[in-house]
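Please look at the sequence and the structure first.

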Amino acid sequence: SLDTVEKELGAMLELSSLPLALSAERDSILQLARVEEAKTQAQQLFTDANAALTAGDIDAARAKYAQLKALRAQLAMTYRLRIVLQDGQRSGVWRIPDQNPNAKNYYLIVEAINKDGRALSLPILNEEDGQTYEVKKWGIRVSQSLFQKVAADKQDDGIIQMRELGSKVQGELTPRLTIKTDGASITSW
């Protein structure tokens, strides 16, 4: 019974401090965001969390708070998106989709590199199974012509001259790409 009382007191303390934490997180996002989409997401998560608190659903409020924190972390990230070029690793792959055996999808294998030169783990939606995976390398779908251009460049001297595909700046949700892509990705090959 003492454990029950302690849990209830802990929940009551959290219930009283969570609204301030939610406001602080939302305000931090609104200051950091350079795109309206992020501001809208932050406001919606904040509203949903407060509605959950009003309804007494602390677990739902905690989940929305965690999503707010993840959104802020995403906005704070900066990185360069580049094609992988390492011994024993592929820089591109192609796939035949299950739904259309007469087609080929082409992917360049990429990584997000931070200012310290380290690859970041990012949540990537795999178009093949609809699941999101935390990965350091993934394939981004490109046109056949771009795929072949990169392959020819690599075969020429073992180096891909134009490895940089874009960058993500602080305050934005996604990287600005220098290539055309529909954004579809794979996380294994």
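## The aromatic pair

Rings of Phe, Tyr and Trp count as a pair if their centres lie within 6.5 Å. The model is predicted, and it holds 1 aromatic pair. The partners are Y106 and F147, with 5.0 Å from centre to centre and 50° between the planes, a tilted arrangement. Y106 belongs to strand β3 (residues 105-113) and F147 to helix α4 (residues 144-157), so the pair links distant parts of the chain, 41 residues apart.

Are the two partners buried or exposed? Buried means under 20% relative accessible area. Y106 has 10% relative accessibility and therefore counts as buried. F147 counts as buried too, because its relative accessibility is 13%.

## Fold and dimensions

The chain has 4 helices and 9 strands. Read from the N terminus, the order of the elements is α-α-α-β-β-β-β-β-β-α-β-β-β.

The radius of gyration of the chain is 21 Å, whereas a compact globule of 189 residues would have one near 16 Å. Along the principal axes, the C-alpha atoms fill a box of roughly 70 × 35 × 30 Å.

Of the contacts between residues at least 6 apart in sequence, 68% join residues at least 24 apart. Buried residues account for 33% of the 189 residues.

The accessible surface comes to about 11500 Å², and 51% of this belongs to carbon and sulfur atoms.

Notes: Residues are numbered from 1 along each chain as its sequence is written. This is a predicted model: local features need pLDDT of at least 70, side-chain atom pairs count only at pLDDT 80 or more; totals for chains, interfaces and linings use all residues. Side-chain values use heavy atoms; hydrogens and water are left out. Helices (H or I, at least four residues) and strands (E, at least two) are DSSP runs, numbered from the N terminus. The radius of gyration is taken over C-alpha atoms; the globule rule is 2.2 Å times the number of residues to the power 0.38. Buried means under 20% relative accessible area, exposed over 50%, partly exposed in between (1.4 Å probe, protein chains only). Contact means heavy atoms within 4.5 Å. Accessible areas come from the Shrake-Rupley method with a 1.4 Å probe; for residues, only the protein chains shown count as cover. Rings of Phe, Tyr and Trp (its six-membered ring) pair if their centres lie within 6.5 Å; planes under 30 degrees apart count as stacked, over 60 as edge-to-face and the rest as tilted.
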